[in-house]
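Visitor: I would like to learn how to read the features of a protein model with care. Could you take me through them one by one?

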Amino acid sequence: MPVSDSVDRPPIESDDAHPTAGDGLPINELFYSLQGEGILAGVPSVFVRTSGCNLRCWFCDSYHTSWEPTHAWRSLEEIIADVKRYDADHVVLTGGEPLLHQESVTLLEALDDRGYHTTVETNGTIYRDAPIDLASISPKLASSTPTPERVPEGSDSSGWGDRHERDRIDIEALAQLVESYPFQLKFVVADDEDMPEITELLTTLRAAASVTIPDDRILLMPEGATRERLAETRTRVADLALAHGFRYTPRLHVDLWNDAPET
């Protein structure tokens, strides 16, 4: 259910004060598709995509929630009613960064009350106490930092390089997330130059967290939002997963539908 062309409040800024309870959520799109990534790849799911993000990855595949955020404000009752239209047991709350919004907790509680399995796609910089069945955590590597030459076409990178680099990793929030929820750590990888940072981050996180972080919960995902780009990155990322003993995750939705919206 696309709502990205319906905006009835000002666009969400990445450092917006979290909307107060009862305000609903800024929803960019709500649709039914197959989960394309991670340990639940292939599972039919309803995707609820919020708008607004505290980071600006240059390769963001949902720039309409970050670089150029668009949305309609939907009440929780409206969101739940739309989710119930689909014959699915799994709901994926994604963004943008959905945990920016306090009201995401209320939505997750409502979904849990109705028996849905919930996955939250997060960049790992914000922790919230909520009923989450799978925290799909994607820490952003240095290779994600935007530069004036490396941003979505037509977007303005002014000030975002330093800000993104400063905020992209929060070890305390990462540790809270892996300690609190079933999790997967999903890294977007372009080439082997990303691996030293991944292994260093994992060493730091394992020292900070009070739970075990097994290698089979570390997922390497090829960078690319189109079939053409994935053709350039998938094989070398698969080889890196083999070399390091981590899992490889496809981008199934890209393989099936390329960069089509609502997939």
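This is a predicted model: local features need pLDDT of at least 70, side-chain atom pairs count only at pLDDT 80 or more; totals for chains, interfaces and linings use all residues.

Visitor: Is Glu37 buried or exposed?

Guide: Buried means under 20% relative accessible area, exposed over 50%, and partly exposed in between, with a 1.4 Å probe and protein chains only. Glu37 counts as buried because its relative accessibility is 10%.

Visitor: With which side chain does the side chain of Glu37 make a polar contact?

Guide: A polar contact is a pair of N or O atoms within 3.5 Å; within protein, one must be able to donate a hydrogen and the other to accept it, and residues adjacent in sequence count only if both atoms are side-chain atoms. Here the partner of the Glu37 side chain is the side chain of Lys186, at 2.8 Å.

Visitor: Which residues does UniProt list for "binding site"?

Guide: UniProt positions are given in the numbering used here, feature names are shortened, and annotations may be inferred rather than shown by experiment. The unreviewed UniProt entry lists Leu34, Gln35, Gly36, Arg49 and Thr94 under that heading. These residues are spread over 61 residues of sequence, yet they cluster in space, with a largest C-alpha distance of 14.5 Å.

Visitor: Which residues from this set does the lining of the largest pocket take in?

Guide: On a 1 Å grid over the protein atoms alone, a pocket is an open set of points with protein on both sides within 12 Å along at least five of seven lines, whereas a cavity is a set where a 1.4 Å probe fits but cannot get out; lining residues have an atom within 4 Å of a point. The lining of the largest pocket takes in Leu34, Gln35, Gly36, Arg49 and Thr94.

Visitor: Where are Gly36 and Arg49 placed?

Guide: Gly36 is in the loop between β1 (25-34) and β2 (44-50), while Arg49 is found in strand β2. Gly36 is buried, with a relative accessible area of 2%, and Arg49 is buried as well, with 14%. Leaving aside neighbours within four places in sequence, Gly36 is in contact with Ala41, Pro250, Arg251, Leu252 and His253. Arg49, with residues up to four places away not counted, touches several residues, including Phe31, His64 and Thr94.

Visitor: Which residues are buried in helix α4, and against what do they pack?

Guide: In α4 (residues 171-180), Ala173, Leu174, Ala175, Leu177 and Val178 are buried. The buried residues of this helix pack against β5 (117-122), β6 (134-137), β7 (183-189) and α5 (195-208). At the start of α4, a side-chain oxygen of Asp170 reaches to within 3.1 Å of the backbone nitrogen of Glu172.

Visitor: Is Asp129 buried or exposed?

Guide: Asp129, found in the loop between β5 and β6, counts as exposed because its relative accessibility is 61%. Leaving out residues up to four places away in sequence, Asp129 touches Val105 and Tyr181.

Visitor: How many helices and strands are there in the protein, and what is its radius of gyration?

Guide: The protein has seven helices and nine strands. The radius of gyration is taken over C-alpha atoms, and the globule rule is 2.2 Å times the number of residues to the power 0.38. For 263 residues a compact globule would have a value near 18 Å, so the 17 Å of the protein agrees with it. Of the 263 residues, 52% count as buried, and among contacts between residues at least 6 apart in sequence, 74% join residues at least 24 apart.

Notes: Residues are numbered from 1 along each chain as its sequence is written. Side-chain values use heavy atoms; hydrogens and water are left out. Helices (H or I, at least four residues) and strands (E, at least two) are DSSP runs, numbered from the N terminus. Contact means heavy atoms within 4.5 Å.
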